[in-house]
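Dear colleague,

Below you will find the sequence and the coordinates, and after them my notes on what came out of the analysis.

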Amino acid sequence: MFKWDVVDPGPGEPVAPDQRLAWGKTVGIGAQHVVAMFGATFVFPIIMGLNANLAILMSGIATICFLLIVRGKVPSYLGTSAAFVGGAGAIYAQEGGPADVTGAILVSGVVLGLVGVLIHVAGPRFVNALLPPVVTGAVVMIIGFNLAGVATDVYMPADRWIAIITMTAVILMAVGLRGFLGRIAIFLGLVFGYVLSWIFDLIGVGGVEGDRVNWDTVKQADWFGFPDKTVAGLVGNQNELGNMAEVGWHWPDFSLTFTLLALPAVIALVAENMGHVKAVSGMTGTDLDPEMGRAVAADGVGTVIATAVGGSPTTTYAENIGVMAATRVYSTAAYYVAAVVAILLGFVPKFGAVVYATPGGVLAGITLVLYGMIGLLGAKIWIENRVNFADPANLVPVAAGLILGIGLDTTGVFEVWDDFTLGGIALGTIVVIAGYHLARLVAPKGGDGTMLAVGKPGVHEEP
């Protein structure tokens, strides 16, 4: 797991998980992974009323544990999971505190780990039967395109022109640059957009309220430090109460009531992890089905370790899958570097403040490219496996699941029962998987079914 073949690939050639570039270049790729995960890993803990710097630090530790458990075969980064945002809100609504939230999530992490063991014991045949290419392609597409609203609705309104300029720069650099520079186009695009935003502020280019780059919080942040212990007896979301300074590390508290509020998020994490492994498998051209159970279990272990000291739940990150898609560097060495960097940055509040001050327009320009590339990987899976969408058993459930998965908000807007909602990725995935297998049960053998939308194979080919 700690031995990599050193390679110097030509333009466009991939770097396999068991290979690495020279250490200097590997550090650059690792830094790009840190940048990709930093925004969400920093923001979601704040939304859940948990310490953000602790989340960054523990994400690095959880990633190392993940890579060890999967034996270095699944390159992935474990950042903060958004699946528990609804559960955390429900716990706070019932007069719980930060320790109650982390306790409930820790139990969910144990359950997730057990589900991973079950998948591992059942074997890859079980996974392939449950998730054929038509399903996995849809799930990967949902994961990417469901994030579209984050780019266009959350980040882009902050500065549309910076977003478009940054996006254009990333496209030109990703396609036009050769060698290592082309592989770190995303990182270069972020630096370019950050500097351009500062220049626009300097010369007085308007179009936004206030300054694009505001470093007030950076000046106030310490250079080095570890979060203080959480003040005892806190109730409610301290972020909403304007009291986040009192939230740091803590031991979790356990309650059956609060655990039941968080537990349903395991459904989303299982679907998310399996989809991510399938996405990585499609990119690397490697059969990772035998590692599926290990990956799910490893995410559970990461969540348990992180929340045991008051950190945030973890999950494999689509953002980092997007970086791999852009760079074609799948080396696990880069992820170890990213994990170590994240651990070190967890002790540097000032650096966190710098990254957190990245203008929204810059993040928009980068995510417009990244999220779209993730979604198109789903189409790549369909094409390479020659999925037949003239078969209504493939077409109809996937069509419904895609619209649900892409159209619904990521944090959950479909209420299943009180205090339990399903977000777009989870609900769309459930519809695709359950709908596909239900359709297979009722579909007549050899029947054409509904051909109104697509017709028979060959209908749309050019003469």
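Trp4 counts as buried, because its relative accessibility is 14% and the limit for that class is under 20%. Please bear in mind throughout that this is a predicted model. Trp23, by contrast, has a relative accessibility of 42% and therefore counts as partly exposed. These two residues belong together in what follows, since the structure holds 6 aromatic pairs, and Trp4 and Trp23 form one of them, with ring centres 6.1 Å apart and planes at 90°, so that the pair is edge-to-face. The pair links distant parts of the chain, for Trp4 sits in the segment before strand S1 (5–6) and Trp23 in helix H1 (residues 23–47), 19 residues apart. Ring pairs also bring in Tyr336, so that Trp4, Trp23 and Tyr336 are linked into a cluster.

A second ring pair joins Phe226 and Phe347, whose ring centres are 5.8 Å apart and whose planes stand at 35°, so this pair is tilted. Phe226 is found in the loop between helix H11 (216–220) and helix H12 (256–262), while Phe347 is found in the loop between helix H16 (332–345) and helix H17 (349–356), so the pair ties together parts that are 121 residues apart in sequence. Both ends of this pair are partly exposed, Phe226 with a relative accessibility of 43% and Phe347 with a relative accessible area of 25%.

As for the chain as a whole, it has 20 helices and 6 strands, and buried residues make up 53% of its 463 residues. Of the contacts in the chain with a separation of 6 or more, 78% are accounted for by residues 24 or more positions apart.

Two packed helices are described by the angle between their axes and the distance between the axes.

Helix H4 (residues 98–122) and helix H14 (residues 292–307) have axes that come within 7 Å and cross at roughly 165°, and the two helices are therefore roughly antiparallel to each other. H4 passes H14 in a left-handed crossing. On the H4 side the contact is made by Thr102, Ile105, Leu106, Gly109, Val110, Leu112, Gly113, Gly116, Val117, Ile119 and His120, and on the H14 side by Met292, Gly293, Arg294, Val296, Ala297, Asp299, Gly300, Thr303, Val304 and Thr307. By class, the residues of this contact between H4 and H14 divide into 10 nonpolar, 9 polar and 2 charged.

H8 passes H10 in a right-handed crossing. From H8, the residues Ile162, Ile165, Thr166, Ala169, Val170, Met173 and Ala174 meet Ala185, Ile186, Leu188, Gly189, Phe192, Gly193, Leu196, Ser197 and Phe200 in H10, and the contact of H8 with H10 divides into 12 nonpolar, 4 polar and no charged residues.

Arg71, although it is not a glycine, has a positive phi of about 60°, and its place is in the loop between helix H2 (52–69) and strand S3 (78–80). At 36% relative accessibility, Arg71 counts as partly exposed. Arg386 is likewise not a glycine and has a positive phi of about 50°, its place being in the loop between H18 and helix H19 (392–407). With a relative accessibility of 75%, Arg386 counts as exposed, because that class begins over 50%.

Key. Residues are numbered from 1 along each chain as its sequence is written. This is a predicted model: local features need pLDDT of at least 70, side-chain atom pairs count only at pLDDT 80 or more; totals for chains, interfaces and linings use all residues. Side-chain values use heavy atoms; hydrogens and water are left out. Axes are lines fitted to C-alpha atoms, for helices over the stretch in contact, and angles run from 0 to 180 degrees between N-to-C directions. Helices (H or I, at least four residues) and strands (E, at least two) are DSSP runs, numbered from the N terminus. Angles under 35 degrees count as roughly parallel, over 145 as roughly antiparallel, 65 to 115 as roughly perpendicular and the rest as oblique. A crossing is left-handed if the near helix is turned anticlockwise from the far one by less than a right angle, and right-handed if clockwise. Contact means heavy atoms within 4.5 Å. Ala, Val, Leu, Ile, Met, Phe, Trp, Tyr, Cys and Pro count as nonpolar, Asp, Glu, Lys and Arg as charged, and the others, Gly among them, as polar. Rings of Phe, Tyr and Trp (its six-membered ring) pair if their centres lie within 6.5 Å; planes under 30 degrees apart count as stacked, over 60 as edge-to-face and the rest as tilted. Buried means under 20% relative accessible area, exposed over 50%, partly exposed in between (1.4 Å probe, protein chains only).
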